[in-house]
Amino acid sequence: MAGHSKWAQIKRQKAVKDVKKGQTFARYAREIMVATKMGGPDPDGNFRLRTAIDHAKAAGLPNDNIKRAIEKGQGIGGTDNLASLRYEGYGAGGVAIMVEALSENRNRTAGDIRSYFNKYDGNLGAEGCVAWMFDEIGLIRIPANGLEEATLLDLVLEVGAEDIHNVADEAVFEIVTPPEALNRVCQALTLKQPSVIIQSAEITRKPKNINEVTELDTAKKLLKLLNTLESHDDVQAVHANVTMDDELVVQALFVAGH
């Protein structure tokens, strides 16, 4: 997978289940606010915002809530004192973990995150302790739908992309870009390949090195920690440099009760 670990794949597979669990709308609204603040209020030119809106609508967030989130991202009506936060540490097996959050209460969020690391045999460290293990990238996902990889590669490289991979088991292409080129590549795709549907476009983290987990007990603790972090209302993204065998993932999730 283009710059991603097993955890990135697990997150996509569980996304629909998470929505069905009734996770609050706050996370979706906050992501819309951040995307608006970073790239402007027009989803046609801000593909991170477009993706955030699509995810919010799929989760059932009302249009009025989406509109208010965009307005708050523009500074209209205040931003509820939301602060962008980042936590770094290690999970079981020495897996590096980065957590990105938005919170109105730094102390509460920090306390929760620290307690999760402690509970599942992890260690929350100082800022910067694992950041060097990840590169910030733009990541675009589009359904394959019979598209030619060579044709797409020529197109996206011309406008600043770095790489493209066919994720065969998911029938999608993943296009990796520098963060600043994300919107430019998306715009080129929609203009020059009108049949292309952009499934998602986001700024994310790519681990430089992958830590392979092979022990069931380690996998169980690690996946429990990652799932718990993901489920926190203030958490926007969790990145981990982990990979593990599919069978081990199934066993670990079953033992962990997921």
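**Exercise 1.** How close do the axes of H2 and helix H4 (residues 63-73) come, and at roughly what angle do they cross?

*Before you start:* this is a predicted model, where local features need pLDDT of at least 70, side-chain atom pairs count only at pLDDT 80 or more, and totals for chains, interfaces and linings use all residues. Residues are numbered from 1 along each chain as its sequence is written, and side-chain values use heavy atoms, leaving out hydrogens and water.

*Solution.*
- Step 1: The two axes come within 7 Å and cross at roughly 40°. (Axes are lines fitted to C-alpha atoms, for helices over the stretch in contact, and angles run from 0 to 180 degrees between N-to-C directions.)
- Step 2: H2 and H4 are therefore oblique to each other. (Under 35 degrees is roughly parallel, over 145 roughly antiparallel, 65 to 115 roughly perpendicular, and the rest oblique.)
- Step 3: Now the touching residues (contact means heavy atoms within 4.5 Å). From H2, Ala29, Ile32, Met33, Thr36 and Lys37 meet Ile66, Ala69, Ile70, Lys72 and Gly73 of H4.

**Exercise 2.** Work out how H2 and H3 are arranged, and which residues meet.

*Solution.*
- Step 1: Helix H2 (residues 26-39) packs against helix H3 (residues 47-58) at an angle of about 165°, and their axes are 8 Å apart.
- Step 2: That pair is therefore roughly antiparallel.
- Step 3: On the H2 side you'll find Tyr28, Glu31, Ile32, Val34, Ala35, Thr36 and Met38, which meet Arg48, Leu49, Ala52, Ile53, His55 and Ala56 in H3.

Definitions and conventions
Helix = DSSP H or I, 4+ residues; strand = E, 2+ residues; numbered from the N terminus.
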